[in-house]
Protein chains: 2
Amino acid sequence: MKETRVIRIRESILAENAAKAEDLRERLSAHGVTLLNLMSSPGSGKTSLILRTIEALRDRYSIAVVEADIDSTVDADRIAAAGIPAVQIETGGFCHIEAAMMEAAVSGMDLDAIDLLVLENVGNLICTAQHDTGAHLSVAILSFPEGDDKPLKYPIMFRAADAVIVNKTDYGDLADFNLEAARRRVEVLNPGVPLIPLSCRTGAGVDAWIAWLEPRIRSSFPGASERRY
Amino acid sequence: MKETRVIRIRESILAENAAKAEDLRERLSAHGVTLLNLMSSPGSGKTSLILRTIEALRDRYSIAVVEADIDSTVDADRIAAAGIPAVQIETGGFCHIEAAMMEAAVSGMDLDAIDLLVLENVGNLICTAQHDTGAHLSVAILSFPEGDDKPLKYPIMFRAADAVIVNKTDYGDLADFNLEAARRRVEVLNPGVPLIPLSCRTGAGVDAWIAWLEPRIRSSFPGASERRY
């Protein structure tokens, strides 16, 4: 009895969120904004990847960032220091971002002035992947020190991702991370998904990430409004 | 309206869980079992710390392990390979362990034959800290590559912990982790909580962890049943 009650409420909340996310995605598309949702464990390098992305694309695109954390403005401060507008969502105890929170975050923004909006989701390899934020692109980051077995343990995340970044390759052999094993494990869950190894610290591999991302920024291609989302 | 509805349900579920956790804790205490709940981000070294703990204590205590993962039996297999009984909970999409899951996990165990029962919780720095598992001891692991700012971003975890392990000290300067900064941040959240730096890879510092843990194992001290829990 109790199980059924809880599950039904969860389903209705998820359905409500999915509808809100779809509305938000359409609204952002209409303004030519591409929303990129970055997800990973705590400390995998989401903020560092955002800083590298800003560095590579800021001359050609207008970028804004939404930072989500349980508490603190540490990350938003790092983004703001790079001269990019950043909104901080403090979630309290909340473990992921939902569409309604993103709606609130974009409510004060001039959407026509933004090409790429990056959401740094809460550091969580589970709950974030289960909730549609309204993003056009969802990207998962895994890092060398976390280990190559993570796709086996957190399959929902690796199935939900449009691309998988493997960060901190500069840790090299010290991390004992088998890139080919990780690639095989991700491929089984999400056939054809690109896996992009890079190091935000050294910059190695960041060009491959930008080469994947840039053609997916709506304002970079004609007829953007014809796309599926 | 909707917010209120959701919050009430959550509160009633949490209250139900807290009552179940208290019952389980008392039952385990009555059998002389100490339940240790290990929590961290994915890849911080929970399984490695369990293996080091087994190595240090297996001659003096009878140890069993409960492994919790979204999917896979990777960790339980590592524990079983060390010759220690391991039960795997596959949570499906569930992001943390609650008391009812632990009840199910211990239901087939001969509790009188166990001194130390270790729960390796799901890799999650948020949700796990918000749910009482019935454990006597809750320990958070942070690792050098994750960064020393994590207590600022995930305060609930560091407030809930009875001890904080800082693992992967062997990454050294490469990880750019300021141990004193981490210590200050944890101290603000949880005054007096011990912070124990160690490396599961090299074994350095593991003795300090064992020195903290061993006197807290119920069967190691007389009059254990008089304790608070």
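Helices α2(A) and α8(A) sit roughly perpendicular to each other, a label that covers angles of 65 to 115 degrees, with under 35 counting as roughly parallel, over 145 as roughly antiparallel and the rest as oblique. In this predicted model, helix α2 (residues 46-57) of chain A packs against helix α8 (residues 206-213) of chain A at about 70°, and the axes are 11 Å apart. Axes here are lines fitted to C-alpha atoms, for helices over the stretch in contact, and the angles run from 0 to 180 degrees between N-to-C directions. Helices are DSSP runs of H or I with at least four residues, strands are E runs of at least two, and both are numbered from the N terminus. On the α2(A) side, the contact (heavy atoms within 4.5 Å) uses Leu49(A), Arg52(A), Thr53(A), Ala56(A) and Leu57(A), which meet Val206(A), Trp209(A), Ile210(A) and Leu213(A) of α8(A). Sorted by type, the residues of this contact come out as 7 nonpolar, 1 polar and 1 charged. For that sorting, Ala, Val, Leu, Ile, Met, Phe, Trp, Tyr, Cys and Pro are nonpolar, Asp, Glu, Lys and Arg are charged, and the others, Gly among them, are polar.

As for bookkeeping, residues are numbered from 1 along each chain as its sequence is written, while chains are lettered from A and ligands numbered from 1 in the order in which they are written. Local features need pLDDT of at least 70, side-chain atom pairs count only at pLDDT 80 or more, and totals for chains, interfaces and linings use all residues, with side-chain values based on heavy atoms and hydrogens and water left out.

Over in chain B, the axes of α2(B) and α8(B) come within 11 Å and cross at roughly 70°, so this pair too is roughly perpendicular. Leu49(B), Arg52(B), Thr53(B), Ala56(B) and Leu57(B) of α2(B) make the contact with Val206(B), Trp209(B), Ile210(B) and Leu213(B) of α8(B).

Helix α8 (residues 206-213) of chain B has Val206(B), Trp209(B), Ile210(B), Trp212(B) and Leu213(B) as its buried residues; buried means under 20% relative accessible area, exposed over 50%, and partly exposed in between, with a 1.4 Å probe and protein chains only. Looking down the axis of α8(B), these buried residues stay within an arc of 160°, so they line one face of the helix. The arc is taken from the directions from the helix axis to the C-beta atoms. Turned away from that buried side are the exposed residues Asp207(B) and Ala211(B). The cover over the buried residues of α8(B) includes β1 (34-40), α2 (46-57), β4 (116-120), β5 (137-143), β6 (163-167) and β7 (195-197) of chain B.

Another one-sided helix is α3 (residues 74-81) of chain B, where Asp75(B), Ala76(B) and Ile79(B) are buried. They fall within an arc of 100° seen down the axis, so they line one face of α3(B). Their cover includes α5 of chain A as well as α2, β2 (63-69), β3 (86-90) and β4 of chain B. Just after α3(B), Gly83(B) has a positive phi of about 85°. In the loop between β2 and α3 of chain B, Ser72(B) also shows a positive phi, about 80°, although it is not a glycine. Ser72(B) is buried at 12% relative accessible area.

Turning to aromatics, the whole structure holds 5 aromatic pairs over all chains. Rings of Phe, Tyr and Trp (its six-membered ring) pair if their centres lie within 6.5 Å; planes under 30 degrees apart count as stacked, over 60 as edge-to-face and the rest as tilted. Phe144(A) and Phe177(A) have ring centres 4.7 Å apart and planes at 15°, so they are stacked. This pair links distant parts of the chain, 33 residues apart: Phe144(A) lies in the loop between β5 (137-143) and α5 (150-153) of chain A, Phe177(A) in the loop between β6 (163-167) and α7 (179-189) of chain A. Phe144(A) is buried at 8% relative accessibility, and Phe177(A) is buried at 10%. Trp209(A) and Trp212(A) are stacked as well, at 5.8 Å centre to centre and 15° between the planes. Both tryptophans are buried.
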